[in-house]
Amino acid sequence: METHQGQPSCFIILGASGDLAKKKLLPALFSLYCNKMLPEDFVVIGFARSSMDHKAFRNRIVENLTCRYGENEQDCAEKMDQFLDRCYYHSGQYDSTEDFESLNKKINEQYPDGANRLFYMSIPPSIFVKTAKSVGASGIMTVEEKFWSRVVIEKPFGEDTESSEKLLESLSKIFKEEQTYRIDHYLGKEVIQNLLILRFANRIFEPIWNQEHIQYVSIKFTEDIGVEGRAGYFDQYGIIRDVLQNHLMQILALVAMEQPVKFDAESIADEKVKALRSVPALTLDKVTVGQYAAIEKNGIKYPGYHDDPEVPDDSITDTYAHLQLAINNKRWYGVPFYLSAGKALNDRKTEIFIKFKDVPYSIFHETGKTNTNGLLIRVQPNESIEFQMANKVPGLGMNLEKVKLDMLYHDEFDGVLPEAYERLLLDVMRGDRSLFLQKYELQASWDIVTPILHELQEKNIQPKPYPYGSEGPDHGCPA
Ligand code: BG6
């Protein structure tokens, strides 16, 4: 694996004044800096349209920097100052080749002997291709052979199969495949990375990880806030495109795939894509969509989706969706995979639940719970893996009850769990693409949802209303 950790490097963030840059990318770079994971000689360059000097940019960044790894107050303040000293701002238009040329000139002046370049395209989908074209035409990505130049691109990768293919096609004319890192930040989460270890480094699960023993699988994402501040973007996409097609579909692939030949990017992607291609396209009868509605609770008013000024009155955008998927292969035939995601629900969490079938005949059927085996994998918060099983209630009677074998990350492991973006940015620097999306994975997951996305729109299907802060609309499934 290439590291080039010792080489000078420039981290160029396009869309530097956006939320992602402020709240995730710059804090992640700072944490890597605190952990001595950045090269000794590096600069961070924010690029955006607004005009601002370096000082104003630094003042903006500092608001979101935290010393997550336990530095004392003085160390923390010093580290922040040192980090901020290396942060610069360059204002420009995204579709202007000249503006990227002038940035290139500055970088070349600062690094006459060359430097690695990491571009992070944290910009709205509407200007994506235009920006990529100007970046490409400016020559800013051309570096000497001993350095690398890589580009990270963020979802949404299109709106359906066709637009996604078009987007990838346009970008492939500008960036080489091996320098492109398509990010899905869920793949950088600790528990998600652990799925392959759980499945393939433990002998116990593999023999029962199939239709013979598993009743259903549920993958659930809930958030307890609405789309406040992001409605402009969200209304064009909806929760199926925003969360289900990518984050949850990736989890499904990792839960369902066969063991890869090797633990490397290609082999993992090959198996994920096979699993995704075994999922037939969804039909409307397997889908429930919802939209949150205003409610007043204990004197507090919670807004409905339509109360947001950026949401058109007739918007039928899904803020909640429940999908029932099948996987038509030998391992999974007949096992439903329930995927659900929603905004403005009663909790914030992401969980995977593997429900095992009951024993074929229970001699204990009169004594209480026997249908109890389940594996609950809590992705966030309170990361944990919990195995649920039947146990005799201690005492002179014969009663069974469900108990939990619970492994909480915070109890078991010392130290802070890295943020997904820290892991992923580090992987880009190391040239490790195993936690990034390959083209054909994206196509396979778009193929699953594209027909219903079109049908929901063409038939103008009204989402079921659900109160802000509730469990979401009824979907008639066990999970
Ligand atoms: C993003 C979605 O990809 O993931 C957001 O666009 C969502 O709508 C977010 O809130 C959730 O990420 P996390 O890491 O907070 O679970």
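**View 1. N460 lies in the loop between α12 (439-458) and β17 (464-467).** Helices (H or I, at least four residues) and strands (E, at least two) are DSSP runs, numbered from the N terminus. N460 is not a glycine, yet its phi is positive, about 50°. Most residues other than glycine have a negative phi. With a relative accessible area of 46%, N460 is partly exposed; buried means under 20% relative accessible area, exposed over 50%, and partly exposed in between (1.4 Å probe, protein chains only). The model is predicted: local features need pLDDT of at least 70, side-chain atom pairs count only at pLDDT 80 or more, and totals for chains, interfaces and linings use all residues. Residues are numbered from 1 along each chain as its sequence is written, and side-chain values use heavy atoms, with hydrogens and water left out.

**View 2. The loop between β14 (374-380) and β15 (384-392) holds P381.** A cis peptide bond with omega of about -15° joins Q380 to P381. N382 lies in the loop between β14 and β15. N382 has a positive phi of about 50° although it is not a glycine, and at 48% relative accessibility it counts as partly exposed.

View 3. The peptide bond from K155 to P156 is cis, with omega near 5°. An N or O atom in the side chain of K343 is 2.6 Å from an oxygen atom of the ligand. Taken alone the ligand exposes 390 Å², and the protein buries 83% of that (areas by the Shrake-Rupley method with a 1.4 Å probe).

**View 4. L118 is found in strand β4 (residues 116-121).** The relative accessible area of L118 is 3%, so this residue is buried. Leaving aside neighbours within four places in sequence, L118 is in contact (heavy atoms within 4.5 Å) with residues including C10, F11, W148 and V428.

**View 5. Helix α8 (residues 231-256) bends by about 100° at G238.** The bend is the angle between axes fitted to the seven residues ending at a residue and the seven starting there. Of the 26 residues in α8, 23 are buried.

Methods. A polar contact is a pair of N or O atoms within 3.5 Å; within protein, one must be able to donate a hydrogen and the other to accept it, and residues adjacent in sequence count only if both atoms are side-chain atoms.
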